[in-house]
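Please keep the sequence and the model open while reading.

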Amino acid sequence: MTKYYKLFIGGNWVDAVSGETFESINPANGSVNGVIAKGSTIDVDLAVKAARKAFESGPWKEMAPSDRGRLLYKVAQALWEKAEKLAEIESRDNGVTINENKFIAMPAMIDVLEFYAGLANKVQGETLASPSNRLNFTLKEPLGVIGAIVPWNFPLMLSMWKIAPALAAGNTIVIKSSELTPISILEMAKIFQEAGVPDGVINIVSGYGADAGNALASHPDIDKIAFTGSTTTGKLVMQAASQNLKPVSLELGGKNPNIIFNDAHIENAVNGSMLGIYMAQGQVCASGSRLYVQEGIYDKFMDVFTNKAKQIRVGDPLDPAMQMGPQVSLPQLERIEHLVAAGLEEGANVVLGGERSDDKGFFYSPTILVNVTTEMQIAREEIFGPVLSVIRFKDEDDVIQKANDTLYGLTAGVWTENIKRAHKMVRGLKAGTIYVNTMSMLDSAAPFGGFKQSGFGRELGIEAMNMYTQTKHVWMEMSETHLDWYGM
Ligand code: NAD
């Protein structure tokens, strides 16, 4: 029987006020994973009220920071125990392979919680220079109620990037999950509740973007919005958030260059570039989707790369032998088809793939397009699929110019054995993360975020704590003398 999932508001599992529901579909075969209560404006409002109550009068922000950290660490331990089950739920919901979810996404997600659990008691203000009769210091205080809106590609991991620093700093949170992947986040909320995190500290409203998402972004009682998703939606979220001038952090799209120089270690560069574009079927904001190959190594590199890409096993994401699963949805699959067709029309050529690979699910073959130029749509727009656009280049200056000729600036990859060249590229490329002789790495301690229209603000690392705290400055007179205002 299909399982029914309620909303999680103020520690209670509730139906949507409207009574409406929606289905979560398995993109590998079209079966129904679950029926979900469909939250809308009124449910978002109830969740914000619950989060506000928990923030203002609950024990969370008053708790000793070490105790808060300890409780979050307890949640992390419980998540390790459930990690395999959560990985399966996500693979069923979004089609990312079980190996990627089990060995990459879940461990990375829990590591983030452990990292911020450890930071809960390390939030520090400063004592500033002042005369001896005064105290002049800053306090770092939580912001209040955080609104988080997350996408479907790594639902738990990208939620945790927001939940962990927000809660460690003493905030409460309302999360609007993606309508395509609502289940794992609800299962995670149960784990927070069972571990003893107080009611209302974490609230989950499943629902659609234009409705529940917009209601959260525009809500007057939300103190900050943390958004991950497309650049187009990011602009709408920012507009909605401007209504009460709440701060916004945006983790948006990417069209990331991955650059192979003549002197690259060819095997490492091939393997890294494969991971860069085909991991999670290319549905990764950091994916290296524009491949720049220097003229001298072009033929050899493309030969090895294409032969390896031909061997990728595409199929049931729950089968551990598979390397790629389906795209998340039919609209996403059709968007890929549309962009590939536009590329061919503009003069690109397919050397691999370029078509659906199964008619039951939303599968698309690993694809390589060559003879791509920087002006083509396939070189400019984020495809968010397993489609690599390959472009030749001459030298460092040529490729820096081409790589930076984009609206985006999330990541960039460079493959070279020459350290001076690597350094020049690191300085020249406009992106929030540069990979040198590696790809797609993440670390809970390393700030992640974009330049240009890939967004602003940095998630992860100590830096992200600044997005979930505000600075209060205090002047404190410690002597009996009163202020002397022109002798009065
Ligand atoms: P999306 O923008 O369509 O949706 C993201 C979230 O926003 C969903 O929860 C959706 O329901 C909600 N939403 C949609 N319209 C809204 C509105 N008007 N107001 C408020 N919320 C709204 O993105 P997606 O298709 O779910 O995810 C793919 C995109 O996310 C890609 O562009 C990808 O690059 C980006 N992404 C970025 C990062 C990063 O860290 N930079 C990470 C993962 C994904």
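## Between two domains

In this predicted model, the shell around the ligand draws residues from both domain 1 (4–252 + 454–473) and domain 2 (257–436), and therefore the ligand lies between them. The place where the ligand sits is the largest pocket. Among the elements, α6 (209–218), β10 (224–228) and α7 (231–241) each give two or more residues to the shell around the ligand.

## The surrounding residues

There are 28 residues around the ligand, and those that come nearest are Lys-176, Glu-179, Thr-233, Leu-252 and Glu-382. When the shell is sorted by class, 13 of its residues are nonpolar, eleven are polar and four are charged.

In Lys-176, a polar side-chain atom lies 2.7 Å from an oxygen atom of the ligand, and in Thr-233 an N or O atom of the side chain is 2.7 Å from an oxygen atom of the ligand.

How much of the ligand does the protein bury? Taken alone, the ligand exposes 850 Å², and the protein buries 89% of that area.

Notes: Residues numbered from 1 in each chain as written. Predicted model: local features only at pLDDT ≥ 70, side-chain atom pairs only at ≥ 80, totals over all residues. Heavy atoms only, no water. Near = heavy atom within 4 Å. Polar contact = N/O pair within 3.5 Å; in protein donor to acceptor, adjacent residues only side chain to side chain. Areas by Shrake-Rupley, 256 points an atom, 1.4 Å probe, with all protein chains shown as cover. 1 Å grid on protein atoms, 1.4 Å probe; cavity = no way out; pocket = protein on both sides within 12 Å on 5 of 7 lines; lining within 4 Å. Sits in = over half its atoms within 2 Å of the grid points. Helix = DSSP H or I, 4+ residues; strand = E, 2+ residues; numbered from the N terminus. Nonpolar A, V, L, I, M, F, W, Y, C, P; charged D, E, K, R; others polar. Domains from an automatic or database assignment.
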